[in-house]
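User: Could you walk me through reading the interface between two parts of a chain? I would like the general idea and then the case at hand.

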Amino acid sequence: MKAFDINSPEEELFDPLFKEKNLRVFIKRDDMIHPFISGNKWRKLKYNLIDAKAANKNHIVTFGGCWSNHLLATACAAARFGFKSTAFVRGEDINTDSLLFCRLFGMKLIFVDRTAYRDKPALFAAHFSDDPEAIFIDEGGAGENAVKGCAEIITELKTPFDHIFCAAGTGATSAGLIKGIGMNQVNMTCHVIPVLKGADFLKENIKQYFLTEPDYRFHDSYHFGGYAKTTPALFEFINHFSASTGILLDPIYTGKMMYAVYDLIRQDYFDPGATIVALHTGGLFGLLGMKEQISASIVA
Ligand SMILES: *Cc1c(COP(=O)(O)O)cnc(C)c1O
């Protein structure tokens, strides 16, 4: 399988605040990798798909919610690289914009209730134990292959930075960045921004990929109430950012991460002269799941 060439430039952001604090801030545009196979979801899928091809597994079976960026990325990547795809979708049968696109990319959807959804290996076994071509890819694509793919983000950086920021759901992307920093022996601090409340489990998730205690900073006060929870201040920040940079952020992941970058800069968290890169993990399709709220938050 020949994976596609990555286009993810590091673009500098300009804001009077950065000048005042004598900092340079960049954004690594993983959202530009592909409109649907976006951001960290491609990073996490890449080695899973390469391994699947090598093992003659031509049917990707995976899991997610009805607005999952992972499902959309998997559906499109499966089509692009010649796989069949099936997804177990948590909850009742509904037709979101994301799932519509999954279907257009040929993904078969099986809706399962929340109880059944919990035991993913059982679902896989019940439906696909007699399909020798089927391969199980976990929700969000998490696992060693995901971490390996995300470590490449660091290898790819054209210039060194003092700090890198990343939004975290399962922590696999963050683990990849920390791995990449170690592998490339660069002097960079990884800052993890959990987007959900009570995210201490994330530390365990990250740790499982390391033999010794991984080194990173954990900022758990930017979840805005929990997963997919928002506040007017978050929308105000995101809208202003989009209108002044031409770069969209979503309120679930990258909006919270970027808010943290600005907030820490305001608090003089960084030494003057420092360079910071924020990882845009993509997932912009998720904006459509919050149309009403977003639309109400835009001040004319
Ligand atoms: C899925 C997702 C994340 C979370 O990645 P993890 O590896 O699960 O921590 C972050 N940002 C975006 C845009 C995502 O879609």
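**Reading a domain interface**

Analyst: Happy to! The centres of domain 1 and domain 2, taken over C-alpha atoms, are 26 Å apart. Domain 1 covers 10-36 + 150-299 and domain 2 covers 39-141, with bounds from an automatic or database domain assignment. This is a predicted model, where local features need pLDDT of at least 70, side-chain atom pairs count only at pLDDT 80 or more, and totals for chains, interfaces and linings use all residues. Residues are numbered from 1 along each chain as its sequence is written, and side-chain values use heavy atoms, leaving out hydrogens and water.

User: How many residues of domain 1 and domain 2 are in contact?

Analyst: Contact means heavy atoms within 4.5 Å. Here 21 residues of domain 1 meet 16 residues of domain 2.

User: What area is buried between domain 1 and domain 2?

Analyst: Interface size is often given as the accessible area lost when the parts come together. With a 1.4 Å probe and the loss summed over both parts, the figure is about 1,600 Å², and carbon and sulfur atoms give 57% of that. F36, E152 and F285 supply 37% of the area that domain 1 buries against domain 2, more than any other three residues.

User: And how many salt bridges does the rule find across the interface?

Analyst: The rule asks for a side-chain nitrogen of Lys or Arg within 4 Å of a carboxyl oxygen of Asp or Glu. It finds 4 salt bridges across the interface of domain 1 and domain 2. R43 also forms a salt bridge with D30, with the closest N and O atoms 2.8 Å apart.

Definitions and conventions:
Buried area = accessible area lost by both parts, 1.4 Å probe.
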